[in-house]
Protein chains: 2
Amino acid sequence: MNILEEKLIKKNLIHKGRAVDFYCDEVLLPNGHQSKREYLNHPGASSIIPFIDENKIILVKQYRYPVGKITLEIPAGKTDKGETPLECITRELKEETGYTSKRIEQIMAFYPSTAFSNELLHIFAAYELESGSNNPDEDEFVSNVIMDFDEAVKMVYSAEIKDSKTIIALLYFASIRKRS
Amino acid sequence: MNILEEKLIKKNLIHKGRAVDFYCDEVLLPNGHQSKREYLNHPGASSIIPFIDENKIILVKQYRYPVGKITLEIPAGKTDKGETPLECITRELKEETGYTSKRIEQIMAFYPSTAFSNELLHIFAAYELESGSNNPDEDEFVSNVIMDFDEAVKMVYSAEIKDSKTIIALLYFASIRKRS
């Protein structure tokens with residue numbers, strides 16, 4: 001066992017949820033003591049930054065209940081059972097924005113919260129878009145916001161955009177564009 | 001009520017945890033239907049990218065139980081009761097790395113997971129550091145990794161660094177350094 005590693009003593013499901021489960025496991029620490037780890041069991045998710053052209057992207061506006069705010073985010077959604085991240089995001093892009101894409105590329109996958117969730121969130125970029133009608137989940141209310149890429153990056157610096165995956169997608173392209 | 005907004009019908013605490021609480025609230029959707037929202041109630045946290053010099057930073061290596069991996073992250077921790085984000089990160093920097101700083105500047109605050117947590121995570125940068133001995137929490141096992149800033153950014157692009165706050169701090173400086 002690695003010197004930093006913690007070992008499961010007893011898995012403890014507190015709540016089997018509709019979208020996520022909540023656990024409070026007993027663990028053995030590297031120093032031999034016991035502790036508890038509370039976390040969400042999450043199926044994983046995918047998100048996408050859709051480029052209408054090099055300087056225009058699609059964001060979605062939606063109400064996020066946990067933070068009590070309407071946020072501006074890249075389209076995203078949880079992985080359905082049996083779906084690959086690419087299948088998930090192809091479906092979510094169409095459902096949330098109405099757009100389909102002829103070219104989708106993965107740029108990254110990250111952990112939003114290593115301390116309290118096992119969610120792995122994939123980020124893709126979409127090019128060669130075609131518009132159509134959207135079809136969100138019955139408990140989901142989203143609206144498209146088409147905006148300049150540079151303006152969106154400024155909204156990261158000014159803290160108007162505060163969502164992790166959206167910040168990462170925007171700063172990723174801001175940083176590699178400057179490199180090239 | 002805004003056309004996207006959801007309204008609380010009944011707050012429902014499922015688990016009062018040691019570090020976070022888990023809720024499953026009943027809400028009223030914009031279309032008049034009811035639904036449930038499952039989320040973590042989190043006290044907020046602060047993180048910091050400590051610059052030893054312009055090109056050298058301190059990361060911490062630790063085991064993250066929810067994702068089952070040893071990760072490389074910027075130092076961070078939950079806000080204690082009554083603490084400001086700056087007080088929190090000054091304490092955490094010393095506890096986790098042993099370093100103190102004569103100049104700490106806030107660069108951002110973001111939501112790691114707008115769908116499942118109300119956590120607001122502040123990011124600071126620390127300059128003019130002085131080393132000392134660390135003093136982590138009794139259930140926390142961390143070790144310092146001093147590395148080149150550019151090397152850490154490469155580890156974001158190669159997906160070796162997967163933690164949201166660490167990616168955001170690194171891409172933030174990568175993108176503004178390229179701008180100037």
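Me: In what order do the elements of chain A run from the N terminus on?

Reply: This is a predicted model. Starting at the N terminus, the order in chain A is β-β-β-β-β-β-β-β-α-β-β-β-α-α. That gives three helices and eleven strands for chain A.

Me: What box do the C-alpha atoms of chain A fill, and how many of its contacts join residues at least 24 apart?

Reply: Along the principal axes, the C-alpha atoms of chain A fill a box of roughly 55 × 40 × 30 Å. Among contacts between residues at least 6 apart in sequence, 57% join residues at least 24 apart in chain A. Of the 180 residues in chain A, 40% are buried.

Me: How is chain B related to chain A, in terms of rotation and shift?

Reply: The general idea is that two copies of a chain are related by a rotation about an axis and a shift along it. Here, a rotation of 180° with 0.0 Å of shift along its axis puts chain B on chain A, with an RMSD of 0.0 Å. The two copies are therefore related as by a two-fold rotation axis. In chain B, the C-alpha nearest the axis belongs to B:Ser175 and lies 2.1 Å from the axis.

Me: Where are the nonpolar residues with the most contacts inside the largest core?

Reply: In soluble globular proteins, nonpolar side chains tend to be buried together. In this model the largest nonpolar core has 65 residues, and those with the most contacts inside it are A:Ile168, A:Leu170, A:Leu171, B:Ile168, B:Leu170 and B:Leu171. Leaving out residues up to four places away in sequence, B:Leu171 touches A:Ile168, A:Leu171, A:Tyr172, A:Ser175 and B:Val156. Another core, of twelve residues, lies apart from the largest one; among its residues are A:Tyr39, A:Leu40, B:Phe22 and B:Tyr39.

Definitions and conventions: Residues are numbered from 1 along each chain as its sequence is written. Chains are lettered from A and ligands numbered from 1 in the order in which they are written. This is a predicted model: local features need pLDDT of at least 70, side-chain atom pairs count only at pLDDT 80 or more; totals for chains, interfaces and linings use all residues. Copies are superposed by least squares on the C-alpha atoms of residues with pLDDT of at least 70 in both. Helices (H or I, at least four residues) and strands (E, at least two) are DSSP runs, numbered from the N terminus. A residue is buried if 20 or more other C-beta atoms lie within 10 Å of its own, exposed if 12 or fewer, and partly exposed in between; C-beta atoms are placed from the backbone. Two residues are in contact if their C-beta atoms, placed from the backbone, lie within 7 Å. A nonpolar core is a set of buried Ala, Val, Leu, Ile, Met, Phe, Trp, Tyr and Cys residues joined through C-beta atoms within 7 Å.
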